[in-house]
Amino acid sequence: MARKLNLRIWRGNSTDGGLQNVTVDANEGEVVLDVIHRVQAEQMNDLAVRWNCKAGKCGSCSMEINGKPRLACMTQVASFEEEETITLTPLRAFPVIKDLVTDVSFNYKKAMEIPAYEAPADLKPGEARMAQVDVERSQEFRKCIECFLCQDTCHVIRDHEENKKSFAGPRFFIRIAELDMHPLDMLRNRKQKAQEEHGLGMCNITKCCTEVCPEHIRITDNAIIPMKERVVDVKYDPARWLGSKIRKRDGIL
Amino acid sequence: MATGVFSNGRAKIAERTLRTDRWWLQPAFTVLVLFSFIVYATFRAFENAHYFVEPLISPFYSPCLSTGCVSGSSLLGQPLGVYHIFGMMISPSLFILIFPLGFRMTCYYYRKAYYRSFWFSPPACAVAEPHSKYTGETRAPLIMQNAHRWFFYAGLVFNFILTIDAILAFRNEHNQWGHMSVGTLVLLANATFLWLYSASCHTCRHTIGGRLRNFSKHPMRYKLWTWVSILNHKHQNFAWVSLFGVALADLYVRQVSAGSITNLYFF
């Protein structure tokens, strides 16, 4: 059964803009992205919105719905009260391009700063083998769809623009964790780099990244905190450091 | 200069947050509970009385290491003397509370709780924090959060001691074994909650197996890691339950010691 939905949509560009009210029909079972498309078709033909799969797998339609970072395609209209006005804004951690579309290139720059997997020198392509338990550990991190909702909600950069140069953000901490936990990765200084170059120490583990992740990746518990503990192993634990030197153990550096 | 969500180039929105839910409820509740605990624990730490009654000892005073401790309360002897500041005797509790306090202060869960609730950094997700600068845990004093594992090890020692206290509570007022009272259950519950809190700790998870690069080469540690990981999912719950457990165990011992209530024996 169709219902009337009251929306407040932020419209504007990088220099000016504001919230505009609009009322639109919404059918049973529809998601917020559906009604945005209806607004675009019927009332605001030049409304800019980024989207692609409409299935929660491409990470394109990230925006803030009633102030919370969410995917528009995975937010049911039925989850709002009948009389509620739904506020739609672009991601507030990134520069806006137009209306609901932001410039997320910050994330691609950070991605390029993460050193890639370094294969063992004695293995030819196709020869690498891993046990299933080791594969499973990082599979959780591979679920990331790069919607950048975690980056958007992270207060380190959301509330402090100046930190962007020295902080990679939760999305890239799970990438670093994935590589650091990889049994075959030969690059041995990821922990130091995580702390000194990618700003792991800036994270105060308030878990907002985990709360907003549409793939339910336990970013803080399974990636950031384990990486913080690994950094302690090499930087802040003299007993552990000494033990690794005496026994010449591989693996923690 | 405008920063954060008000930075140049970002969407011009005047509100610090557009959230419509009661996002302030959780931090407010956390402040209320933690502040209440701090007030109660401070009062008890300085009270220096009503912490021991055969066979029960308050977790706030165990082990009681000072020569000022009441007779029979010093499980590990009395290596410390009696010291005074401004004419007031330093409570034996103050010699030991730094360790469990440090463990909780540097705990990954409590950090989230107090950073959000007391320091508003941030008060809630997607709610702009009031601070103009932020350096996280990269500088003193917050870089000391990296000492969590040392407090974890100290916490294990205290867990052992409090477990022994619970076992010793299987005696009656005349030190005869084979008895059990409500106090026994209280101390047992307290020790159990503390073990669950420690076992579910992120540092424990890391130490058990999390630091490994290769689970398949360490099947036993991997198995232990999976068990600790299950507990780790509930670390927040254990953090709160064990906090209440310590306070309630202390309150029970205090009331029995003060004569306000009688420690009921089952047998």
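Student: Why are α7(B) and α8(B) called roughly antiparallel to each other?

Tutor: In this predicted model, helix α7 (residues 202-210) of chain B and helix α8 (residues 219-232) of chain B pack at an angle of about 165°. Angles over 145 degrees count as roughly antiparallel, and the two helices are therefore given that description. Their axes are 8 Å apart.

Student: What is the handedness of the crossing of α7(B) and α8(B)?

Tutor: The crossing is left-handed.

Student: Which residues meet where α7(B) and α8(B) touch?

Tutor: From α7(B) come B:H202, B:C204, B:R205, B:I208, B:G209 and B:G210. They meet B:R221, B:Y222, B:L224, B:W225, B:V228, B:S229 and B:N232 of α8(B). By class, the residues of this contact comprise six nonpolar, five polar and two charged.

Student: Turning to chain A, why do β2 (17-26) and β4 of chain A stand at the edges of their sheet?

Tutor: The sheet is open and has five strands in the order β2-β1-β5-β3-β4 (chain A), with mixed pairing. β2 and β4 each have a single partner strand, so one side of each is left without a neighbour in the sheet. On average, neighbouring strands of this sheet are turned by 35° against each other, direction ignored.

Student: How do you know that β3 and β5 of chain A pair?

Tutor: Pairing requires at least two bridges, and two bridges join strand β3 (residues 62-65) of chain A to β5(A). These strands run antiparallel. One residue with a bridge partner in β5(A) is A:I65, whose partner is A:L88.

Student: Which helix packs on the sheet, and what angle does its direction make with that of β2(A)?

Tutor: Helix α1 (residues 32-42) of chain A packs there, touching β1, β2 and β3 of chain A. Its direction makes about 100° with that of β2(A). Angles of 65 to 115 degrees count as roughly perpendicular, and the value of about 100° lies in that range.

Student: How many residues of chain A are in contact with chain B?

Tutor: 52 residues of chain A are in contact with 42 residues of chain B. The largest share of the side of chain A that touches chain B, eight residues, comes from α9(A). That side divides into 20 nonpolar, 15 polar and 17 charged residues.

Definitions and conventions: Residues numbered from 1 in each chain as written. Chains lettered and ligands numbered in written order. Predicted model: local features only at pLDDT ≥ 70, side-chain atom pairs only at ≥ 80, totals over all residues. Axes fitted to C-alpha atoms, helices over the stretch in contact; angles between N-to-C directions. Helix = DSSP H or I, 4+ residues; strand = E, 2+ residues; numbered from the N terminus. Parallel < 35°, antiparallel > 145°, perpendicular 65-115°, else oblique. Left-handed = near helix turned anticlockwise from the far one by under 90°. Contact = placed C-beta atoms within 7 Å. Nonpolar A, V, L, I, M, F, W, Y, C, P; charged D, E, K, R; others polar.
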